[in-house]
Amino acid sequence: MESSSSSSAAGLGSVDPQLQHFIEVETQKQRFQQLVHQMMELCWEKCMDKPGPKLDSRAEACFVNCVERFIDTSQFILNRLEQTQKSKPVFSESLSD
């Protein structure tokens, strides 16, 4: 079983460009959904003391702040990773030299 999954992953470069684009888009959607789920779990634990029929103003403000900080932090990490990747040669490129 493992050889079939690794051979399909190795042959990904020869896949139809439209299919490859579709896979990339679906992968991005999955990552986004995971990020939203992680954010909601984190903010729920932080801001919801006792669930009720209405969201009080304190909990609402906490959720807004939590989501904004989560987005800021995620953006900061992505920017830092981009800077790090630009300043260092990619491992696979250095192997092909």
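I started with cysteine 66, which counts as buried at 7% relative accessibility. The model is a predicted one.

I then looked for its partner. Cysteine 66 forms a disulfide with cysteine 43, and their sulfur atoms are 2.0 Å apart. The link of cysteine 43 and cysteine 66 is left-handed, with -90° about the S-S bond. Cysteine 43 lies in helix 2 and cysteine 66 in helix 3, so the pair ties together parts that are 23 residues apart in sequence. I checked cysteine 43 too: at 0% relative accessibility, it counts as buried.

How many disulfides does a search of the whole structure find? I got two. The other entry I made is cysteine 47 to cysteine 62, S to S 2.1 Å. Its torsion about the S-S bond is about -75°, so this disulfide is left-handed. Cysteine 47 sits in helix 2 and cysteine 62 in helix 3, 15 residues apart. Both cysteine 47 and cysteine 62 are buried. Counting bonded cysteines along the chain, I noted the pattern 1-4, 2-3.

Next, the rings. I searched the whole structure and found one aromatic pair. The ring centres of tryptophan 44 and phenylalanine 63 are 6.3 Å apart and the planes are at 45°, so the pair is tilted. Tryptophan 44 lies in helix 2 (residues 17-47) and phenylalanine 63 in helix 3 (residues 57-87), so the pair ties together parts 19 residues apart in sequence. Tryptophan 44 is partly exposed at 41% relative accessible area. Phenylalanine 63 is buried at 14%.

Last, helix 2 itself. I listed its buried residues as Met39, Cys43 and Cys47. What covers them includes helix 3.

Notes
Residues are numbered from 1 along each chain as its sequence is written. This is a predicted model: local features need pLDDT of at least 70, side-chain atom pairs count only at pLDDT 80 or more; totals for chains, interfaces and linings use all residues. Side-chain values use heavy atoms; hydrogens and water are left out. Rings of Phe, Tyr and Trp (its six-membered ring) pair if their centres lie within 6.5 Å; planes under 30 degrees apart count as stacked, over 60 as edge-to-face and the rest as tilted. Helices (H or I, at least four residues) and strands (E, at least two) are DSSP runs, numbered from the N terminus. Buried means under 20% relative accessible area, exposed over 50%, partly exposed in between (1.4 Å probe, protein chains only). Contact means heavy atoms within 4.5 Å. A disulfide is a pair of cysteine sulfur atoms within 2.5 Å.
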